[in-house]
Amino acid sequence: MPSDTVGNVALVPFTGDSPPAVYPLHHGLAPPISRLSISWARGSSLRLSLFAGAAAKVVEVKLAGEDSEIPDAHWRRIAYGSVAPFALLQSRRSSLSALLKTPSPYRSDWWEHVLQYSKEIGSLLGGPKLPASPIIEDPNVIAKRGEEPTSLKAAWELIEIFYVDKQSQAWLPERLVDWLADYASLFTSTHETIHGKLVDFQKELVNIQVIEEDPRYWDLLSSALSVGWLDIVVKMLRLHGSYQLDQLSNRELENGLVEAVAVLISKMPRMRPESVGKLGECYKSKPDFIKAWEKWRSQITKLDCSRFWIQCDNQQTREGLRNLLQIMLGNTESLCMATCYWIELYISHFLYIRPFTMGIESMYNLAQKCIQLKPRSSTHRLSVLMIGILEENTEVVLAECSREFGPWLVAHAIELLTAGSEQAEILLHEERYNLGGISIVELHRLVYAQILSSHALTWQIAPIYLTSCMKQGMGLLENLLYRQSAQHNDVLLKNIEICRLYELDHISSNIMKIAGVHHWKHGHKGAGVFWLQQAQDASCLDKIAQQLFDSVGKSISDESFKQWEGMIELLGSESKPAGGLEFLHKYRDFKKSLQKVSSGKSTDAARQAVGSLILLMKNPSTPQRFWLPLLYDSLKLLNWQDCPLLSVSETNLLLNKLHELSLAKLRPHHTEPSLPPDALSSIRLALATNLGQAILDE
Amino acid sequence: MAAATTAIQRFPQHRYVDAVRWLPLQSAFDRFAVLALFDFDSDASSIEIHALNQNPFSLEPHSSWSSPSRVSSLKPSHFLQKPLIVASTSSGSLHFLFSDSSDASLLSEVSLPEGALHSLPASCVDLMDGGVECVSVGEDGKVNLVGIGDSNLNYRRLFDSAGLVSYTAVRWASPMEFATGGFGFGLQWWDQRKPGGPVSQFKGNWDKKLTSGIVHSIDIHPSRKHTCLAGGSLGTVFAWDLRWQQQPIILSGAGAANTAVQSISESEVWEVQYDRCIKSNTSSTRILPSMICSEDGILGVIEQGEEPIELLAEPCAINSFDIDRHNPSDVICSLEWEAVAILTRQ
């Protein structure tokens with residue numbers, strides 16, 4: 001950071017060497033723009049709201065910097081697919097460390113689990129690996145392009161080769177040969193490559209009459225041979241003119257030499273397990289390989305010293321073939337001539353000069369030497385990653401992955417980096433003061449989880465990564481869950497399900513409260529009550545009960561009561577927390593018994609109705625404003641013809657309530673129920689009559 | 001336990017699959033599926049008919065109709081021998097798509113605009129067999145009937161609870177009757193001839209300690225119109241027999257702890273359908289076997305008194321499924337992770 005930014009008020013000091021880029025924005029509004037508001041939209045888009053006078057427009061701007069190699073939808077597929085392997089590895093890690101009672105699961109066989117994880121993730125990044133250049137029947141096709149490989153998969157495989165796969169450690173050089181064969185086409189974007197030259201040559205193949213007279217033919221043969229693409233070399237050699245039937249007789253010797261070289265190439269000893277469909281003879285044990293290697297080299301030397309070369313009168317064939325022999329003999333100069341950039345040269349060294357696995361340090365030195373021999377102005381991101389790996393600098397590798405391939409790769413590749421090395425494990429898992437007390441591993445997981453959280457389709461998998469973060473994970477998870485919309489039932493239920501999985505009961509109860517209030521405010525009273533009940537929020541239920549009674553009081557005619565039935569059913573049994581809404585239950589019972597009374601003249605039914613009425617009037621949860629309407633509704637009961645239905649004490653209770661009401665009238669905020677003006681007096685009269693009769697009866 | 005004799009094919013869609021159904025067709029050779037898709041990146045929704053090819057096994061887009069907003073409920077049927085698809089959207093509109101009976105291409109569309117039926121977006125529809133009438137219910141508590149003519153629609157409101165009760169599922173039982181489901185595991189039985197409210201309500205005596213839930217899906221078997229099968233929260237699947245009013249027959253989930261019922265899932269059961277594949281020779285007192293899909297990624301078959309059978313256990317939610325009427329061994333389901341899967345049971 002330059003010193004002049006110290007004391008600067010900017011939160012993030014701008015230290016760019018280049019001036020900021022300016023992009024025009026097409027919004028179609030007439031200037032001047034009076035207000036501009038900027039907020040985050042979905043994913044990494046910015047939402048700009050522009051106001052110009054009375055007109056306004058909202059524009060979403062997608063920020064660049066996304067990997068154009070892999071479209072968004074494909075990225076999501078990778079994200080979905082990597083959840084299960086990641087979760088499995090984490091659970092293995094924690095069960096292992098519980099077993100060993102150490103925080104680090106480092107054990108000799110741990111890498112096997114990581115390798116399985118690596119293979120599963122690797123398979124997500126592209127279909128089954130096709131042979132680099134499948135030879136198909138068409139003789140003109142020498143290098144066929146299979147499924148387009150991605151740099152991401154190439155990077156993943158490179159990390160796997162170096163950090164995880166202990167089994168193939170013995171033939172590491174050969175694995176690198178295969179790696180380059182699979183991904184050589186990627187490097188074509190930044191500089192000239194053998195693969196690129198081959199593809200170009202193939203396009204012109206149909207126009208070439210005499211192939212062996214074209215200098216590019218021999219150049220490409222030596223190039224392809226230098227990086228070990230034996231199949232291509234042999235196939236190209238067989239395109240040589242001397243194989244043609246009409247020429248065979250007078251070019252017999254020449255053809256013999258071509259075929260001899262082709263046979264030698266196809267017999268090249270390789271220190272690797274058997275591979276189907278590839279040329280070369282494979283040896284698994286080192287002594288066997290050395291024996292075969294020595295024999296093969298002596299055969300080449302013998303052919304090189306052969307007298308037949310002098311008799312071969314085709315100069316181009318002679319020189320081209322002898323150059324191929326030089327490459328096989330490991331002539332440094334020929335190798336350097338044949339290859340285009342340092343990785344190709346590096347691979348050719350492994351093939352023809354030092355075919356054995358060596359220490360990573362000497363591999364690094366060799367790489368340095370190759371880079372010196374093949375300096376480049378532009379370097380591909382994969383070659384930067386490779387140098388980082390060879391330098392044995394875990395932090396550089398991580399930084400490179402993060403910068404060039406994004407948070408997905410870092411969050412998942414970290415598992416590979418720590419697979420075989422306790423040192424890396426400690427380095428990446430130790431808590432760091434400069435990171436706010438979290439480890440590098442946690443930092444990268446959090447970053448990745450934030451990316452997942454920002455998209456409506458991936459936020460549900462973010463919890464898997466957040467819960468694997470010891471320090472900050474749970475806090476961010478709670479944030480994430482709170483942030484989801486409570487508006488749509490399915491999102492809400494998916495959210496609550498995540499709370500259930502991680503036993504975050506307090507969060508789910510808060511989310512349900514939010515949902516309850518949301519529904520209530522939008523007039524879905526039933527849904528609101530349901531969610532508040534689920535959240536066991538008695539105080540909120542009490543509050544909405546008061547509002548609910550307002551509408552009950554206004555519209556409680558017998559016809560509209562049908563609407564309330566469902567709501568009362570929802571409130572369920574009395575053991576459930578219903579707050580003040582409990583009243584509705586009793587009210588419904590009372591209404592029902594009153595209906596029975598009005599339809600018949602049974603005194604039993606009337607007595608039942610009176611019982612409900614007294615229960616309601618005694619219950620403290622019955623709101624005061626219902627007292628008068630309740631009594632007015634019960635006038636028929638109070639004026640019962642056959643006998644007084646209320647006892648003296650019951651009548652007194654009701655009279656007391658009337659008295660309380662008259663006192664309440666004096667208080668502010670009292671609302672008069674909408675009843676006929678003579679309602680109060682008729683109730684008083686009925687109660688008085690009933691009291692008189694009851695006294696007489698008792 | 002997973003059935004070993006099930007072939008599973010997954011087809012990534014690169015878009016969210018809101019709903020998936022088989023398209024009932026007369027032809028035995030051509031098979032089609034209806035997908036309601038939503039692209040979060042471009043905010044575009046569509047209903048697409050995909051053709052299922054056998055050799056090689058693939059699901060190819062066939063015809064498409066772009067929807068004004070996300071599809072909340074999808075139901076195919078047939079009308080005058082032609083396939084008919086009804087879809088309700090999250091903006092509250094209702095669309096009827098008529099398709100060609102021979103090649104399943106979409107021919108025409110009639111719709112009711114947003115606001116006509118429901119004041120609130122979320123709604124659920126069911127189309128009568130033969131497609132004459134459609135019932136639409138919503139969280140706003142409105143129950144609507146939409147009659148389909150050749151080119152016009154007429155609709156009437158059967159009931160409005162004014163938001164006091166919300167409905168989240170609906171299913172025809174007969175040309176006159178249908179069942180709805182909602183919050184608190186509530187079920188209602190309706191009869192067109194008796195307007196003014198449900199003719200019967202179900203609110204079972206659930207275990208009081210248990211939290212309640214929402215009914216997400218209902219099915220009624222044509223041979224047993226008195227039994228209503230419902231699936232919802234907490235892995236709950238239960239049957240409500242109109243003849244045994246207040247006691248639910250619990251087949252899975254909530255309340256199962258104290259009965260001998262095994263739960264196939266503990267999370268939301270998004271959809272439930274009678275399994276047409278299993279020819280059960282059980283007596284009429286037992287509930288017919290049914291298939292469910294759930295938030296925890298289970299697609300399975302449950303049968304009263306039997307151990308549940310898992311057909312599919314996915315790492316992500318299975319949001320909807322449909323059993324092919326003509327080939328009941330084939331099931332199509334939509335996965336949370338932007339894909340559909342087709343299962344073929346042997």
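Predicted model: local features only at pLDDT ≥ 70, side-chain atom pairs only at ≥ 80, totals over all residues.
1. Helix pair in chain A. Two packed helices are described by the angle between their axes and the distance between the axes. For helix 6 (residues 215–226) and helix 12 (residues 315–328) of chain A, the axes come within 10 Å and cross at roughly 15°. Angles under 35 degrees count as roughly parallel, and helix 6 of chain A and helix 12 of chain A are therefore roughly parallel to each other. The crossing of helix 6 of chain A with helix 12 of chain A is right-handed.

2. Sheet in chain B. Strands of a sheet pair through backbone hydrogen bonds, either parallel or antiparallel. In chain B, 4 strands in the order 18-19-20-21 form an open sheet, and their pairing is antiparallel. Strand 18 (215–221) and strand 21 (249–252) of chain B are the edge strands, each pairing on one side only. On average, neighbouring strands of this sheet are turned by 25° against each other, with direction ignored.

3. Pairing of strands 19 and 20. Within the order 18-19-20-21 of the chain B sheet, strand 19 (residues 224–232) and strand 20 (residues 237–241) of chain B run antiparallel and are joined by 5 bridges. As for individual residues, B:Leu229 has B:Ala239, in strand 20 of chain B, as its bridge partner.

Methods: Residues numbered from 1 in each chain as written. Chains lettered and ligands numbered in written order. Heavy atoms only, no water. Pairing = 2+ DSSP bridges. Helix = DSSP H or I, 4+ residues; strand = E, 2+ residues; numbered from the N terminus. Axes fitted to C-alpha atoms, helices over the stretch in contact; angles between N-to-C directions. Parallel < 35°, antiparallel > 145°, perpendicular 65-115°, else oblique. Left-handed = near helix turned anticlockwise from the far one by under 90°.
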